[in-house]
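Student: Hi, can we go through this structure together? I'd like to start with the overall layout.
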Amino acid sequence: MTSPIAIRDLSARRGEKKHGWLTIGETASGPLRMPIVLINGREEGPVLCVTAGVHATEYAPIDAVMRLLTVLDPERLHGAVIGVPVVNMRMFEHRTGFTSPLDGLNLNRIAPGRQDGSISEVLADILLREVIAAAQYHIDFHAGDLGEQLLPFAGYSLTGRRELDAKGEALAGAFTPRLISLSTDDNMLPPFPGSLNYAATRMGVVSILAEAGGNGTLEEQDVQTHLEGAESVMRHLGMIDGHTANGSRIAARSRTVIRAKRSGLVRIKVGIGDEIRLGQEVAEIVGVFGDVVERVTSTGQGLVGLIWTHKVVNTGDPIVRYWVT
Ligand SMILES: [Zn+2]
């Protein structure tokens, strides 16, 4: 598969690494562009696309993809890598979480996008058709966004196509340190419809979600989780040398959000990755006069997968989300 690889006018022959910009559209301050790296290996092999910065305040995955694209040596690579270290540059430069400042859309809710849509929808369309579709495999790197601490996991959206799904499940298993989330149309697990992963798998690309890090931080441990996961996937695909470690994986069955009923300051009593049981106190909410107004307890048994970092809640605000495994 690895004769020259090209995206528009950017191309890399065997043994070459190239980078450039892909123009999405125009804004008042100039073109909206996406950085692209092409690494074409000397040896035959599959094409893997790696994307980060769909949510551009998720810094650990962005740094991991930047580093991966820097260290990969085309002379030793089997196959090719197409990389986008920051998909959403306008969110990156503005340090904006979740949604684009250009049109208020969350890129991971609107895939596959549309050619005649607003600029984030055009971005989704170009990214899927011109970049991700040029690969057989795809990893979309994420973390918890602003205000979210997260337990690392990998996800794949099942399509019902057996051969594709077997590859997707294996890829997610190769990436994840522990937890794997296989979504169907009715189990309410990620990746969801509207995500890049969901759209990419429906185009026949083996596309997984890779999550580690969060809350606007850039911690070395989270970067390493992403890097080790990416390298494990590449070894699994025979793109780089070495063997994939086969650790034990836990499959998610569902996940549940525990919310506040009362308002006040929140004192969290659990940590990311903790096993919690039904009725266990996960937080207390304290009124402004210092009295505990609510002891928030777990609605079931599971693994703490996300803690919201907001320290004040109102009725209905999320506090903890746990995985049921
Ligand atoms: Zn994200």
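Student: How far apart do the C-alpha centres of domain 1 and domain 2 lie?

Tutor: They lie 31 Å apart. Bear in mind that this is a predicted model.

Student: Where are those two domains in the chain?

Tutor: Domain 1 covers 5–250. Domain 2 covers 253–324.

Student: And how many residues does the contact take from domain 1 and from domain 2?

Tutor: Eleven residues come from domain 1. Domain 2 gives 13 residues.

Student: Which strand gives the largest share of the side of domain 1 that touches domain 2?

Tutor: Strand β8, residues 148–150. Its share is three residues.

Student: What classes of residue are on that side of domain 1?

Tutor: Five are nonpolar, five are polar and one is charged.

Student: New topic: helices. At what angle do the axes of α4 and α6 cross?

Tutor: At roughly 135 degrees. The axes come within 7 Å. Helix α4 is residues 162–175, and helix α6 is residues 220–236.

Student: Is the crossing of α4 and α6 left-handed or right-handed?

Tutor: Right-handed.

Student: Which residues meet there, in α4 and in α6?

Tutor: From α4, A170, L171, A174 and F175. They meet G229, S232, V233 and H236 in α6.

Student: How does that contact of α4 with α6 split by class?

Tutor: Five residues are nonpolar and three are polar. No charged residues take part.

Technical notes
Residues numbered from 1 in each chain as written. Predicted model: local features only at pLDDT ≥ 70, side-chain atom pairs only at ≥ 80, totals over all residues. Axes fitted to C-alpha atoms, helices over the stretch in contact; angles between N-to-C directions. Helix = DSSP H or I, 4+ residues; strand = E, 2+ residues; numbered from the N terminus. Left-handed = near helix turned anticlockwise from the far one by under 90°. Contact = placed C-beta atoms within 7 Å. Nonpolar A, V, L, I, M, F, W, Y, C, P; charged D, E, K, R; others polar. Domains from an automatic or database assignment.
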